[in-house]
Amino acid sequence: MLENVNQAGRNAHRQDLNTLSGWIGILFESATRMNDHWWWRILLASRRIISKLLMIRSLKVTPFDQSLKLMDHWEHLEIDMYKRSEKPQTSFDDLKKDRSDAEEILMQFNDQITRMRKSIWWRLGLFLRFTLGALKLKKRDFRMPTVDSDEVMKRYKKWIPALSTISSHSERQPIIDSMDPILSQHRDKIIEALDGKNDGVYETFILKLLEHHKNVSSMRAVLEANKRSVPDLLRQNIERTDEPLVSIIMATFNRAAIIEEAIDSIKEQTWQNWELLICDDGSEDNTGEIIAAQNDSRIRYFRFEHGGAAKARNSGLAHAKGAYVAYLDTDNLWHPAYLHIMIGRLIRHAGCYCAYAKFIDVEPAEDASENWQLKGYNGQEYNFERLHEKNYIDLNAFTHRKYINQILGGFTEDLPRLQDWDLALKYTYIRDPLYINTFLAICRRNKKWDQISTAKDIDHSAVIKRVRQNASNYFSQGLPYKDTHEQPGKITVISWDICRNHFSKAYNVAEALHQTGKYKVRLVGFRFFNTPIFEPYADVTPDFETFYFSGAKFPEFNNDFNYALEKAGDADIIYCIKPRFPSLGLALLANNRFGTPVALEVNDLETMIEQPIHTEQQEGVSLDDVDCSDPELLNPRSQIWSRIMENCAQKMPLIVTHNKNLDTRYGNRTFCLRNPKDEKYFNPDAYDRDSIRMELGIAPGEKVILFAGLLRRHKGIRYIVELIRTLGGPPYRALFVSSLPTSDQKDLEEKYKGEITILPPQGRNNIARINYASDAVILWLNPNNKPSHYQMPYKITDAFAMKVPVIANDISDLGDLGRQGYLRLVEYGNLEALKNTVLDIFKQPENHREMVEAGRRLYLRQFSYRSTQTNFSIIAQAAHQHHGVLPVAKEFAEFFTRFHRA
């Protein structure tokens, strides 16, 4: 008997259908716009005339005719699919089949578009259009409808359906019933939005759009999909009875005739705790009078001398009181649930800085008898590389935390247009934003409104070049961030163990912060093994203070630990790495004694890291359940302490991670700080590759596959050797660089003696040279090994920095990076696919040049010292919001006292 699916599975299936429905709508709209092009219509008519003259068969069914039939079929099919998704008895296989059928419709639409663009008539029309453009009889630059269809298919190829991550089982979760007790005070308005009932300005405009848009089928399909996705999003985001204040910035200039509709769109929001800052850029009409008549204390009106929209918006930001900022121009409208969905998502993802949604771009016709022109359905999953090329984030569908503006600054005031693109590139530079895959805003165009986007006296190409140049400057100079009154002067970084590879993260963070010249940095660390300091860092003499303490068991450990406590607590913020006793335990006791704010970084699955081959995870243990007389507690690095600290970590208000699975583990509320390396050393332009290869004994023409780091079996090291054998040996060579001896390394040396080269631990920056000398880096993490899902290997930092192609499997953040085009993905254990990928990279390096260049840019954005400095300033700002003694610190201090007494 087939198992039914739970509510999560049905929600995931509807999410997939919403995505596919939106894409199908875009493809149909592209086909419609292709069919509407004058040259296509003229040439089709010409074909019919020629067919009659030559007495040959005419083209009776055009690709667009087929598209119309497909859309009619899809409309009926989609309704049936959504109905089945609502039935509890629907099986998991039925849902997968429905999704497969929807994907087939998508492919058929793309086939019709391909038929159109490959036809001689389309090509002749294109030639004619470009010729007229060259002769200046037509506008030279114009947007082809095939651009949108190409973008959809690119996204589809990299798409991972939400249903694929849901297991089929029979448990059901009631939704509406469990939701009712936690609805916010504006329950009635939310219920209306859940039911899709609203007679406000947004809904009224949608009805007009359906009335006047000639391709109602595509428009209706998109809007119906939207109506189904909004309730699911609302249910996720109404779990709070409080509503933080949202500051809405509305820049205006001579918009008295239309501003009331935009204001009504805000007043009709289900989220009611907002302030509207209307920033009048020197209007010469009666805008002020209209605002005064609103008689709403939440609306604040500011009038400035005419200086441009960017300056007006910056003035509004300076007066904003809310913790969150949203923007609505006078031309545009919000879905009534816009704020509830956008702010709700940011609240649930406390470490993310901004979010954006999809929007509909439409030009209403001036004559009521004419059809309205739909410019497009806009929105796509985030990819900085694509955003750098072309904007797909509209300011009216973009929200962010206020403190991002305080740290990174606001709009570039001398930009006459594309200010939203410029801001989005800056605010999403160091961390990807949240993407809401639903249409929540309408952007309206009208030539009579004298909009900047339609202004003819602006050199648009120069503005585009300027925006891209601003973003390019971030790569060379870093983000322009400013100090705030809450920025710390003294910082303590804590490393629980300075003898293993995780010491590198603590040291590099401390060094990066010290290099700013803004902080007095102190590094506190402990030895817990009979080995010296982690070898790559053993001979480094830092410019900042370091306090390294010997590890021991209690009670011998007390003296060093108490001294470390004094040194750690003497700071404005403590950044402790890993939830272990000598790091988080020390930080909590320092917070309890001195009130020092604490940020905890979790970069591994600590309760399993000592036994990575185990499949069952040991969970955290409550302090009340710990036997203080347990002799295992005498060892500060024991597993019981890891379980204790894991329980404390879950209660920490500010957690930093470096991959999405750890973020999920801690409730999707973590900040992100990647593993950094110094760009002064990790810079390909600083080295001569040929001389390095000669120095390492790499022969000309030899292809080197590199693995650097701790040699452990679950990291796929044996597959690399087997790969070399499969490739037939020379000129292919496996090069390993160990960071510490391991039993797996010993086994590797014994089994493959003479076939591999293993270099000893290198200086911390020398690994840059070795990476630059290699031809590929393989990162295969065994998915059956649970800690693998919670790791972000340092070697990927090195490879990205030095422009080395990376091959990895779809695990942790590596899968997302692969889908964004930064590396190649190969299924773990599929040696044949790995071989083919390696050969493709080696034989066609020019095809992967853009990938490694993008990887270098990603390194500068998220893995460099500059990015660490900017990111830390944001984290520090958030840390000071949790000032004073933390409840978990008080709880742990009381437990620690009981432990000492025992």
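Predicted model: local features only at pLDDT ≥ 70, side-chain atom pairs only at ≥ 80, totals over all residues.

Reader: What makes strand 13 and strand 14 a pair?

Author: Two strands pair if DSSP finds at least two bridges between them. Strands are DSSP runs of E of at least two residues, and helices are runs of H or I of at least four, both numbered from the N terminus. Four bridges join strand 13 (residues 573–577) to strand 14 (residues 598–601), and the two run parallel; Ile 574 stands opposite Val 598 in strand 14. They belong to an open sheet of seven strands with parallel pairing, in the order 12-11-10-13-14-15-16.

Reader: Why are strand 12 and strand 16 called edge strands?

Author: Strand 12 (545–550) and strand 16 (671–672) each pair on one side only.

Reader: How do you know that strand 21 and strand 22 pair?

Author: DSSP has to find at least two bridges, and strand 21 (residues 806–808) and strand 22 have two, in the parallel sense. The bridge partner of Ala 808 is Leu 825 in strand 22. The open sheet here has six strands in the order 19-18-17-20-21-22, with parallel pairing; its edge strands are strand 19 (757–759) and strand 22 (824–825).

Reader: What makes strand 18 largely enclosed by the rest of the structure?

Author: Buried means under 20% relative accessible area, exposed over 50%, and partly exposed in between (1.4 Å probe, protein chains only). Seven of the seven residues of strand 18 (residues 732–738) are buried, so the strand is largely enclosed. Both faces are covered, with Tyr 732, Ala 734, Phe 736 and Ser 738 on one side and Arg 733, Leu 735 and Val 737 on the other. Seven bridges join strand 17 (residues 703–709) to strand 18 in parallel, and Leu 706 has Leu 735 as its bridge partner.

Reader: Why is Asn 501 called partly exposed?

Author: Its relative accessible area is 28%, and the term covers values between the buried and exposed limits. Asn 501 lies in the loop between strand 10 (490–495) and helix 19 (503–515). Contact means heavy atoms within 4.5 Å; leaving aside neighbours within four places in sequence, Asn 501 is in contact with Phe 534, Leu 710 and Ser 739.

Reader: Why is no salt bridge assigned to Lys 426?

Author: A salt bridge is a side-chain nitrogen of Lys or Arg within 4 Å of a carboxyl oxygen of Asp or Glu. For the buried Lys 426, the nearest side chain of opposite charge, Asp 422, is 5.6 Å away. Lys 426, in helix 17 (residues 419–427), does reach the backbone oxygen of Leu 408 with its side chain at 3.3 Å.

How values were computed:
Residues numbered from 1 in each chain as written. Heavy atoms only, no water. Lys, Arg positive; Asp, Glu negative; His and termini not counted. Polar contact = N/O pair within 3.5 Å; in protein donor to acceptor, adjacent residues only side chain to side chain.
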